[in-house]
Each structure stands twice: as structure tokens, then as C-alpha cells.
Amino acid sequence: MKFMTKMNKNFAVFILSHGRAENVITFNTLRKSGYTGDIYIIVDDEDKQLSEYKRIYGDQVIVFSKKEMDGHFDIGDNHDDRRVVVYARNKCHDIAKSLGIEYFLELDDDYDVFSFRKEENGGLHQRKIHKGINELFDEMCDFVDVTGAHAIAFAQGGDYIGGVGSKLWKDQIMRKCMNSFFCKTDRPFQFYGRINEDTTMYTVLGQKGFIFFTIADVMVNQKQTQINKGGLTDIYLDMGTYYKSFFSVMYSPSCVKVSSMGDTFRRIHHKVLWNYCTPKIIDQKYKKANTLVHKKERFL
């Protein structure tokens with residue numbers, strides 16, 4: 001049975017896609033999860049499958065020019081390969097504004113499951129979302145409002161390594177923000193670098209006091225990048241994960257380094273040193289009472 005509750009927010013979902021006109025997995029996943037709101041497929045004018053996107057999705061397709069965006073953000077190198085998602089990411093706020101949308105969720109095109117995570121009997125369990133996702137999206141927009149965040153993300157499977165003992169589950173929130181982005185149109189921000197643009201964004205802007213979060217209660221599952229054809233697969237295969245990770249090191253050498261991850265099959269990956277990345281909130285008890293007002297009172 002389709003869940004028909006409407007959203008209360010002026011909201012839309014943007015799915016960023018390239019070369020996957022007949023395989024926009026996220027679109028069907030959203031509908032199967034009970035989402036009844038607007039969906040727009042964001043496609044660039046250099047996509048060879050553009051006509052196919054328009055045939056399948058009609059006026060839900062929004063086309064932008066990558067070439068027109070050259071020079072409007074820092075790409076991070078002197079290559080001329082535009083087969084990357086950072087152009088689309090940096091266009092989304094402009095698109096939302098032109099559509100009169102107040103909030104939007106930015107997603108990649110290869111999510112096959114949205115699920116709740118819950119602790120039961122000492123373990124961390126997963127429950128696939130079949131309905132109620134409209135209300136969930138409403139609440140996420142409210143969370144963006146009350147926190148003043150520039151973007152908030154759902155977690156990914158790797159964030160839960162360690163189960164109930166994982167850092168994310170123990171803290172319930174992290175300062176990172178990747179792959180899914182709940183945004184408010186009047187709080188624009190930029191992504192940086194040709195690739196690994198999400199990590200570079202939240203580390204560069206995090207150091208400046210911008211707020212980004214990942215929450216623990218909801219997870220998105222994404223197809224493996226280098227197996228699913230289209231999207232960024234060709235770039236990852238051409239450049240490798242060392243090249244990808246080093247973009248974030250280049251932008252934030254004080255708090256990001258190249259490391260390795262995995263258990264049996266280890267691979268190069270970035271590592272964020274959080275003690276050096278985002279500003280800390282100091283407890284009020286450490287405040288010294290030596291302000292100018294207090295000094296004046298001593299002489300009265």
C-alpha cells in the first residue's frame with residue numbers, strides 16, 4: 001500500500017546523475033520508501049544520455065552547463081576532465097532558488113535502501129523504511145533549522161563498523177557530512193576539488209565554523225562505486241583512491257592525512273584528525289570572571 005501523507009515543507013529531492021538514464025536507482029527507492037514529494041534529476045549538458053533522461057523523466061530533468069561553471073569554484077588541479085559530480089553539487093543551491101524551494105535533499109543516483117538503525121538485545125539492527133519517509137524528511141528539515149547547520153547527512157554502512165560500540169552510535173552524531181545532504185536554500189556553501197569534494201567541503205568549512213552533521217538513526221545504502229557503471233566509476237578507475245584522498249589532504253593538511261582502511265582487503269583512504277578540524281565548544285564552567293565589567297565593580 002502506498003503511503004500518501006504529504007510533506008509539510010516546501011521541499012524537493014535532487015538526484016545527481018550522469019550516464020545512468022535507465023538506472024537511476026535512487027528514484028525508485030524513494031518511491032518504494034513512501035516518498036510522495038517532488039523529485040528532480042540533475043543532469044549536465046555534456047551527458048551523452050541526456051535525451052534518454054528526458055524521455056524517461058520528462059520535466060523532472062533539470063539540465064545545467066558544466067562549462068559555464070568553470071572558474072566559479074576551486075577545482076583543485078589543472079586537468080580539464082569534467083566527468084565529476086562537484087559541478088552538479090555546486091549548482092544545487094542555485095537550482096533550488098530558481099524553483100522557489102526552501103529545503104532540498106541532495107542525493108546520488110545509486111541508493112537502493114533507506115533504513116532506520118536501532119539497538120536491540122545488545123546488537124545494532126536495521127529496519128528498511130517502507131513508509132513514513134515524508135515525515136522523516138520534514139523532521140530533518142526542522143533539524144537543519146534548529147541547529148543552524150548548513151547540511152545534515154544520513155549515515156552510511158561504514159559509519160557503524162563496531163556496531164553499538166562504533167563512535168557514531170555512541171555519540172549519535174558526527175561532524176562529517178557525505179553523500180546525502182539536507183540543505184536550506186538560503187544557506188549556500190561550496191564544495192571543493194575535482195574529487196572527494198564532500199570530505200574536502202566539510203573539513204575546509206568545518207575549520208571555519210560551518211556546521212555539518214551525520215546522524216546515527218538513519219542509514220543510506222549505496223551501490224559499490226567501481227562496480228555500478230556510469231556516475232563517477234570511470235574517474236575512480238582512472239585516478240585511483242590515492243589521488244582521490246589526497247585532494248582533501250591538499251586543502252586541509254592540518255587535519256587530513258592519507259591512511260588505509262579495511263580489514264582483509266586494505267585500501268588507501270583519507271583520515272580526518274578531528275581534534276584539529278572543527279572548533280570545540282568549551283563548557284561554561286571554564287569561563288573566567290575577569291571581564292571589564294567585573295574589573296570595574298572591584299573599584300566601586
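Which residues touch the most other members of the largest nonpolar core?

Author: Keep in mind that this is a predicted model. The largest nonpolar core has 39 residues. Phe14, Ile42, Tyr87, Phe189, Met201 and Phe212 touch the most other members.

H8 gives the most, with four residues.

Now look at Tyr87. Set aside its neighbours within four places in sequence. Tyr87 is then in contact with Phe64, Lys66, Met69, Asp70, Phe73, Ile75 and Arg82.

There is also a second, separate core, with 36 residues. Tyr57, Tyr111, Cys141 and Val218 are included in it. In soluble globular proteins, nonpolar side chains tend to be buried together.

Next, follow strand E10, residues 212–222. E10 is mostly covered, with eight of its 11 residues buried. Strand E5 (residues 111–120) pairs with E10 in the antiparallel sense, over five bridges. Here Phe116 stands opposite Val218 of E10. E7 and E10 run parallel and are joined by six bridges. In E10, Phe213 stands opposite Ile152. Strand E8 (residues 173–174) is antiparallel to E10, with two bridges between them. Ile173 stands opposite Ile215 of E10.

Methods:
Residues numbered from 1 in each chain as written. Predicted model: local features only at pLDDT ≥ 70, side-chain atom pairs only at ≥ 80, totals over all residues. Heavy atoms only, no water. Core = buried A, V, L, I, M, F, W, Y, C linked by side-chain atoms within 4.5 Å. Buried < 20%, exposed > 50% of the residue type's maximum accessible area, 1.4 Å probe, protein only. Contact = heavy atoms within 4.5 Å. Pairing = 2+ DSSP bridges.
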